[in-house]
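Biologist: I have just opened this entry and would like a friendly tour. Could you walk me through it, one question at a time?

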Amino acid sequence: MSITTEEVTHLGKLSRIALTEAETTAFSTEIEAILEYVSTVASITGDNATVGVALGARVNVLREDVVTTVEGEHTETLLTAMPHRQGNYMAVKKILTGSK
Amino acid sequence: MTISDLRTQYIAGTYTPTQAVEAALSVIEKRDGEVGAFLAVYAMEARAQAAVATARFASEGVLAPALLGIPLALKNNILQKGKIATAGSKILENYVASYDATLVSRLQTAGAIIIGAVNMDEFAMGGSTENSAFWITKNPLDLARVPGGSSGGSAAAVAMGAVPAAIGTDTGGSVRQPASYCGLVGFKPTYGAVSRYGLVAMGSSLDQAGPLTNSVADTELLHSIMSGLDPMDATTIAPDTYPVVSEKTHYTFGVPRAFLGTGVDPDVLAVFEAHVAELKAAGHTVVDIELPMFEAGLAAYYIVMPAEVSSNLARFDGIRYGLSVDGPDLLSVYENSRAAGFGAEVKRRILLGTYVLSSGYYDAFYGKAELVRTKMRAELSAVFKTVDIILTPTAPTPAFKIGEQSDPISMYRQDIFTVPVNLTGVPALSIPGGVVEREGVSLPVGVQYIGPHGSDFLLFAIGKAMYDDKKN
């Protein structure tokens with residue numbers, strides 16, 4: 001199960017982490033070794049749904065859809081934690097550019 | 001020092017919460033420079049709360065709440081309103097919690113004094129507390145060795161005598177393994193017994209919070225306060241979710257012999273066998289059992305856990321809270337913030353989780369790992385028809401030296417006996433089983449009792465008989 005440095009770079013892109021070249025090299029060796037170890041599960045046969053039947057059905061647990069807070073109760077606390085704030089808004093970089 | 005001893009003395013008036021808090025602060029001052037357990041100490045508030053508690057004991061006596069005036073330490077991935085919750089990471093270095101975790105408000109309602117926040121492996125990823133972004137916590141019993149992890153700060157705070165108990169979290173053994181390494185009692189409850197509201201999530205289908213204490217009775221007390229239904233965590237269970245497991249005078253213990261054959265230190269095995277003999281001497285029955293699927297548990301865990309990690313840690317984006325590192329566009333803010341904020345082990349697990357969840361590999365890895373998990377549950381439900389408790393060592397070795405386990409897989413192998421418990425959601429208690437000698441130092445090792453779902457209080461009953469009663 002070989003993992004190339006290009007694949008690690010791609011995984012970094014998918015998971016939104018900028019990786020250095022040294023990290024990419026180290027992770028490709030380490031992740032390859034870990035994947036080789038965990039791939040032992042491939043030999044286990046069966047179907048999850050069938051095996052699970054004997055253990056009983058799973059049910060979803062949902063809370064009543066009711067408002068339990070007062071409007072604006074947590075606004076200031078949460079805004080204070082934001083790295084970039086403009087008034088009552090969270091500030092982010094522009095993602096739409098005008099013309100091409 | 002136990003919670004019950006402190007309370008007895010508070011009620012008798014021979015010792016006060018103020019004296020206990022001063023004693024705790026003095027131990028921290030004398031020893032924490034070399035141990036490095038505490039990330040923050042709340043001395044002023046602790047003293048103020050202790051003064052109130054001292055006065056209350058004088059007037060309320062035995063009617064005082066169960067934890068009144070008891071100093072406790074919290075692992076730093078547990079949110080306490082107004083306090084910094086780093087989760088051991090640079091990305092949350094300055095993050096102030098905006099609310100209390102359910103377990104924190106329950107402990108505080110019962111009168112506990114939170115004296116400080118303790119160190120941990122970053123985002124609870126590790127088994128030694130060497131992965132903290134701040135510093136390495138050392139084992140108070142031998143400073144050249146690790147206290148275990150990821151709740152290593154919690155274990156060290158109790159083992160050095162600063163507090164009678166600390167709260168940790170256990171995703172794959174993170175309470176039980178440090179308890180084993182530091183000679184303490186450590187407990188991982190039935191999944192859903194304790195609310196996860198206000199815990200920094202690692203693997204949501206695996207995480208549970210549990211105490212590290214000097215007695216099983218103290219663990220029982222803390223667990224009974226922290227556990228229970230919580231509307232803020234839909235996975236919390238009701239008292240009737242699982243069948244009642246009744247107490248008996250003598251129990252049948254099952255030992256998975258073949259599973260124990262995999263890389264256990266001979267001295268640890270000797271301590272384990274001595275515990276088996278003690279159980280037999282106490283009138284219990286010990287039989288051999290087969291748990292073939294458990295041997296695949298560690299591999300399944302290192303698929304399921306990173307998969308959940310990669311999803312849970314997607315929330316740290318440099319936008320809403322935590323560290324933010326600028327870049328030319330929005331994407332680079334994400335990428336730069338996460339690059340600067342996460343340490344190597346966290347990045348490794350996020351990348352691994354992203355890989356096993358990617359469309360081409362999902363069935364081969366995540367699908368198979370979930371199958372293993374289901375098969376393990378089926379195996380357990382069959383085994384618990386013939387035995388009451390499964391017995392294993394808690395960890396295959398005693399505390400290792402700092403820097404000794406440099407390769408990720410050898411570190412992961414420390415979790416071999418603890419991860420099956422999280423994967424299946426059953427409760428497990430680690431109690432000190434004995435000591436092994438290493439270079440003239442006696443190092444404790446734990447034994448682990450695993451019970452069926454909902455048997456938490458049964459484990460406490462047996463644990464008290466096999467540990468608390470024998471110690472006194």
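Modeller: Happy to. Let us begin with a pairing: strand β2 (residues 71-75) of chain B runs parallel to β4(B), and three bridges join them. Keep in mind that this is a predicted model. Within that pairing, the residue of β4(B) opposite L72(B) is A165(B).

Biologist: In which sense do β4(B) and strand β6 (residues 208-213) of chain B pair?

Modeller: Six bridges link β4(B) to β6(B). The sense of the pairing between β4(B) and β6(B) is antiparallel.

Biologist: Is strand β4 of chain B largely enclosed or open?

Modeller: A residue counts as buried if 20 or more other C-beta atoms lie within 10 Å of its own. In a regular strand the side chains alternate between the two faces of the sheet. Here A165(B), I167(B) and T169(B) point one way, while A166(B), G168(B) and D170(B) point the other way, and all are buried. Six of the six residues in β4(B) are buried, so the rest of the structure leaves this strand largely enclosed.

Biologist: Which element gives the largest share of the largest nonpolar core?

Modeller: That core has 158 residues, and those with the most contacts inside it include L72(B), A166(B), A300(B) and I303(B). In soluble globular proteins, nonpolar side chains tend to be buried together. With 10 residues, the largest share of the core comes from α10(B).

Biologist: Which element gives the largest share of the side of chain B that touches chain A?

Modeller: On the two sides, 46 residues of chain B meet 40 residues of chain A. Elements giving two or more residues to the chain B side are α10 (297-312), α11 (330-341), α12 (344-357), α13 (363-383) and α14 (408-412) of chain B. The residues on that side divide into 28 nonpolar, eight polar and 10 charged. With 12 residues, the largest share comes from α13(B).

Biologist: Is G111(B) buried or exposed?

Modeller: G111(B) sits in the loop between α4 (102-109) and β3 (113-118) of chain B. Beyond residues up to four places away in sequence, G111(B) touches A53(B), A64(B), P65(B), A66(B), L67(B), L68(B) and G69(B). G111(B) and G69(B) are 42 residues apart in sequence, yet their C-alpha atoms are 6.2 Å apart in space. Because 21 other C-beta atoms lie within 10 Å of G111(B), this residue is buried.

Biologist: What radius of gyration does chain B have?

Modeller: Chain B holds 16 helices and 11 strands, and 61% of its 472 residues count as buried. Its C-alpha trace spans about 65 × 60 × 50 Å along the principal axes. For 472 residues, a compact globule would have a radius of gyration near 23 Å, and the value for chain B agrees with that: 21 Å.

Biologist: Where in chain A is confidence lowest?

Modeller: Chain A averages a pLDDT of 88, and 94% of its residues score at least 70. Confidence is highest in helix α1 (residues 5-14) of chain A, at 97. At a mean of 74, the lowest confidence in chain A is in helix α3 (residues 48-53).

Technical notes
Residues numbered from 1 in each chain as written. Chains lettered and ligands numbered in written order. Predicted model: local features only at pLDDT ≥ 70, side-chain atom pairs only at ≥ 80, totals over all residues. Helix = DSSP H or I, 4+ residues; strand = E, 2+ residues; numbered from the N terminus. Rg over C-alpha atoms; globule rule 2.2 N^0.38 Å. Buried ≥ 20, exposed ≤ 12 C-beta atoms within 10 Å, placed from the backbone. Contact = placed C-beta atoms within 7 Å. Nonpolar A, V, L, I, M, F, W, Y, C, P; charged D, E, K, R; others polar. Pairing = 2+ DSSP bridges. Core = buried A, V, L, I, M, F, W, Y, C linked by C-beta atoms within 7 Å. pLDDT = per-residue confidence, 0-100.
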